[in-house]
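Please read the paragraphs below with the sequence and the model side by side.

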Amino acid sequence: MTHTAPVRLAAGPAPVVRRTPSSGLLLAVTSALTFSISGPIAKPLLEGGWSLAAVLAIRMGVAGLVLSPALVRTLRRRPDFLRVHWLSLVAFGLIPVVGCQVFYFSALQRMPVGVALLIQYLAPVMLVLFVWARTRRAPSRTVLIGSVVAMAGLVLVVDIAGARFDLLGTAFALLAAVCACVYFVMSERTGDDLPPLALAAGGLLVGTVTILALAGVGILPLTVSGAPVELLGMSAAPLVPLLLVGSCTALGYAFGVMAVPRIGSRLASFVGLSEVLFALSFAWLLLGEAPAPVQFVGGALILVGVVLVRVEERAPADVSSPAEPLPGEVGPGIR
């Protein structure tokens with residue numbers, strides 16, 4: 001079954017997306033902050049007998065419901081929204097939402113957390129290389145230096161000392177990185193025709209259905225527990241962390257998809273590295289796991305790398321990849 005969306009006439013130059021760097025940077029940092037909180041909140045559930053599929057399904061479902069008013073408003077304003085953009089919603093749900101998490105946690109089963117994180121967070125460098133290949137225009141020296149500095153900082157932040165690489169695990173982690181790249185690229189293509197919050201809500205609901213379907217056919221185990229869990233030193237019903245992790249996920253995706261169109265996918269992906277720093281900080285504050293001195297150095301290098309990439313963002317054409325329609329849309333960029 002083929003799907004054709006309205007074709008935009010190429011009679012004039014494509015409209016330039018207006019960038020608002022200050023608000024975009026704030027949204028991107030806030031997105032990284034809220035995403036980093038999800039892990040420590042979900043961990044007691046996984047330790048209390050909940051399977052990963054169960055936690056992910058409820059996490060995505062709650063997040064999708066929190067953002068669903070934006071989708072409902074879009075459907076009321078645009079009755080043909082699902083007919084035009086259904087493929088974008090499905091692609092967002094299957095690749096950035098489900099794919100990234102399933103591949104990442106599959107990698108964790110075969111390699112240390114630090115190595116999996118390091119490979120997944122190669123996404124910013126992948127985006128730089130993608131733009132290089134698509135535009136045939138080499139990145140500036142500042143961007144290349146910023147990429148190297150940020151990656152060096154990431155190596156120092158995550159603990160890969162003595163780690164052994166697993167071929168299949170590495171492949172899973174690389175696929176997670178590709179899924180993360182798709183998240184940034186798809187988010188950048190949102191606008192008035194495809195509101196970012198509607199894309200996030202639809203994608204999360206698609207992701208929820210996908211996880212439940214995988215569990216239903218036995219690919220992913222689905223186990224829940226009604227036993228209380230330890231959360232911040234207190235005993236709480238499982239519903240509390242589930243609602244919290246769902247709300248944090250909703251905020252993370254909401255702030256993220258709104259940030260990327262403002263600052264571009266390349267810069268947003270580098271700012272996303274701050275999620276590692278926030279996670280390190282929460283582990284220190286909530287779990288008493290003090291970072292080693294070398295990790296402070298790594299954090300500083302990540303920030304320097306982000307600043308270098310930010311300094312180089314001079315014009316919309318330099319921000320990220322060439323503007324192309326999202327999946328399911330037909331436009332001048334389709335051959």
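A crossing is called left-handed if the near helix is turned anticlockwise from the far one by less than a right angle, and right-handed if the turn is clockwise.

The model is a predicted one, in which local features need pLDDT of at least 70 and side-chain atom pairs count only at pLDDT 80 or more, whereas totals for chains, interfaces and linings use all residues. Residues are numbered from 1 along each chain as its sequence is written, and side-chain values use heavy atoms, with hydrogens and water left out.

Two packed helices are described by the angle between their axes and the distance between the axes. The axes are lines fitted to C-alpha atoms, for helices over the stretch in contact, and the angles run from 0 to 180 degrees between N-to-C directions. For helix α2 (residues 52–77) and helix α9 (residues 239–263), the axes come within 7 Å and cross at roughly 60°. That makes α2 oblique to α9, given that angles under 35 degrees count as roughly parallel, over 145 as roughly antiparallel, 65 to 115 as roughly perpendicular and the rest as oblique. With α3, the axis of α2 comes within 13 Å and the crossing angle is roughly 155°, so α2 is roughly antiparallel to α3. The crossing of α2 and α3 is right-handed.

How many salt bridges does a search of the whole structure find? The search finds 4, a salt bridge being a side-chain nitrogen of Lys or Arg within 4 Å of a carboxyl oxygen of Asp or Glu. Among the residues involved, R78, D80, R83 and D193 are linked in a network of salt bridges. R78 is buried, with a relative accessible area of 17%, while D80 is partly exposed at 25%; here buried means under 20% relative accessible area, exposed means over 50%, and partly exposed lies in between (1.4 Å probe, protein chains only). D193 also forms a salt bridge with R78, with the closest N and O atoms 2.8 Å apart. This pair links distant parts of the chain, since D193 sits in the loop between α7 (167–188) and α8 (196–216) and R78 in the loop between α2 and α3 (81–108), 115 residues apart. D193 itself is partly exposed, its relative accessible area being 37%.

L118, which lies in helix α4 (residues 113–120), is buried at 13% relative accessibility. Its C-alpha atom is separated by 6.7 Å from that of L154, 36 residues apart along the chain. P124 lies in helix α5 and is buried, with 2% relative accessibility; P124 and S265 are 141 residues apart in sequence, yet 8.6 Å apart in space from C-alpha to C-alpha. V148, in helix α6, is by contrast exposed at 58% relative accessibility, and the C-alpha distance between V148 and L301 is 9.6 Å across 153 residues of sequence.

L129 is placed in helix α5 (residues 123–135) and counts as partly exposed at 47% relative accessibility. R136, in the loop between α5 and α6 (141–157), has a positive phi of about 60° although it is not a glycine, and at 72% relative accessibility R136 counts as exposed.

Terms used
Helices (H or I, at least four residues) and strands (E, at least two) are DSSP runs, numbered from the N terminus.
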